[in-house]
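I opened the file to look up a few local features. My notes follow in the order I took them.

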Amino acid sequence: MNREEYKGIVRPFLTDRRFHHSECVAEEAERLAKHYGADPEKAWIAGMLHDITKELSREEQLKKINEFGIILTDLEKGAPKLWHAITGAAYVRQVLHIDDPDIVDPVLYHTTARAEMTLPEKILYMADYVSADRTFDGVEALRETAHTDLDKAVLLGCQYTIEDLVSQQRPIHPNTMAGYNWCVMKQQISN
Ligand code: DGI
Ligand code: FE
Ligand code: FE
């Protein structure tokens, strides 16, 4: 499939704003992949697809979860924001028949991160954090860090996500915790 075909698949799922976000993430992922020696085409594809199911309603998400044979943990049941990464990865694999772990796994872990992240997973996680459409305080510094020290940027991403979740007393997914701990321990070893 070429890029226009991927865009054509994603476009009907998303509002203009979210589609624009996906284009920005795809472009940022491609840039990071070129910089860090990952496959730029796969990084772009993962970026374009990563939020494909993000705007499905709660009911449509639950229907997909059923159809795809996904079993949610209790924590996941209570955190609907996490569903789109899980249903998105299942859609990529089961409907688009893309089995490449360099595309499926970054989509699956783009919201939570996890321990032992691969280079393509780190790239999509950071591309989603610092894509051109993001405007939060400090985004420019984090974008810079993503291009100079990817591991440090992923750690900061995990840290900000957890701080934000704690401040709202929302549950922290085990993969989010594991991603943070893994980044911290790697940093300790390298210092
Ligand atoms: O889909 P995007 O908006 O582009 O970004 P995303 O896929 O990173 O989703 C961000 C949302 O996911 C944000 O509202 C926080 C939420 N989130 C991330 N990790 C966790 C989480 N929510 C819970 N409850 N637990 C987590 O560990
Ligand atoms: Fe997302
Ligand atoms: Fe996103």
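I started with aspartate 51, which counts as buried because its relative accessibility is 3%. My cut-offs: buried is under 20% relative accessible area, exposed is over 50%, and partly exposed lies in between (1.4 Å probe, protein chains only). The model is predicted, so I noted that local features need pLDDT of at least 70 and side-chain atom pairs pLDDT 80 or more, while totals for chains, interfaces and linings use all residues. Residues are numbered from 1 along each chain as its sequence is written, chains are lettered from A and ligands numbered from 1 in the order written, and side-chain values use heavy atoms, without hydrogens or water.

**Iron sites**

What does aspartate 51 bridge? I found that aspartate 51 bridges the iron ion (ligand 3) and the iron ion (ligand 2), which lie 3.5 Å apart.

I listed the donors of the iron ion (ligand 3) next. They are His21 (NE2), His50 (NE2), Asp51 (OD) and Asp128 (OD), at 2.2 to 2.3 Å. Donors here are N, O and S atoms within 2.8 Å of the metal (3.2 Å for Na, K and Ca); water is not among the atoms, so sites may look incomplete. The donor spacing in sequence reads H-x28-H-D-x76-D. Histidine 21 lies in helix α2 (residues 16-36) and aspartate 51 in the loop between α3 (40-49) and α4 (58-67), so this pair ties together parts 30 residues apart in sequence. Helices are DSSP runs (H or I, at least four residues), numbered from the N terminus. Histidine 21 also counts as buried, because its relative accessibility is 3%.

Then I took the iron ion (ligand 2). Its protein donors are Asp51 (OD), His84 (NE2) and His110 (NE2), lying 2.1 to 2.2 Å from it. Along the chain these donors follow D-x32-H-x25-H. Aspartate 51 and histidine 110 link distant parts of the chain, 59 residues apart. Histidine 110 sits in the loop between α7 (101-108) and α8 (119-130). I checked its burial too: histidine 110 is buried, with a relative accessible area of 2%.

**Helices α9 and α10**

Two packed helices are described by the angle between their axes and the distance between the axes. I looked up both values for α9 (residues 139-148) and α10 (residues 150-167). Their axes come within 6 Å and cross at roughly 140°. Axes are lines fitted to C-alpha atoms, for helices over the stretch in contact, and angles run from 0 to 180 degrees between N-to-C directions. The two helices are therefore oblique to each other. The classes: under 35 degrees is roughly parallel, over 145 roughly antiparallel, 65 to 115 roughly perpendicular, and the rest oblique.

Which residues meet? From α9 I noted Leu142, Thr145, Ala146 and Thr148; from α10, Leu150, Lys152, Ala153, Leu156 and Tyr160. Contact means heavy atoms within 4.5 Å. The contact residues divide into 6 nonpolar, 2 polar and 1 charged. Here Ala, Val, Leu, Ile, Met, Phe, Trp, Tyr, Cys and Pro count as nonpolar, Asp, Glu, Lys and Arg as charged, and the others, Gly among them, as polar.

**Ring pairs**

I counted 3 aromatic pairs. Rings of Phe, Tyr and Trp (its six-membered ring) pair if their centres lie within 6.5 Å; planes under 30 degrees apart are stacked, over 60 edge-to-face, and the rest tilted.

The rings of phenylalanine 13 and tyrosine 91 have centres 5.3 Å apart and planes at 80°, so the pair is edge-to-face. Phenylalanine 13 lies in the loop between α1 (3-10) and α2, and tyrosine 91 in helix α6 (residues 83-94), so the pair ties together parts 78 residues apart in sequence. Phenylalanine 13 is partly exposed at 21%. Tyrosine 91 is buried at 13%.

Tyrosine 129 and phenylalanine 136 have ring centres 6.0 Å apart and planes at 85°, so this pair is edge-to-face. Tyrosine 129 is buried at 16%, whereas phenylalanine 136 is partly exposed at 31%. Ring pairs link Tyr125, Tyr129 and Phe136 into a cluster.

**Loop residues**

Last, I looked at backbone angles. Glutamate 116 has a positive phi of about 55° although it is not a glycine. This glutamate is in the loop between α7 and α8, and is exposed at 57%. Glutamine 169, also not a glycine, has a positive phi of about 50°. Its place is the loop between α10 and α11 (174-190). Glutamine 169 is exposed, with a relative accessible area of 76%.
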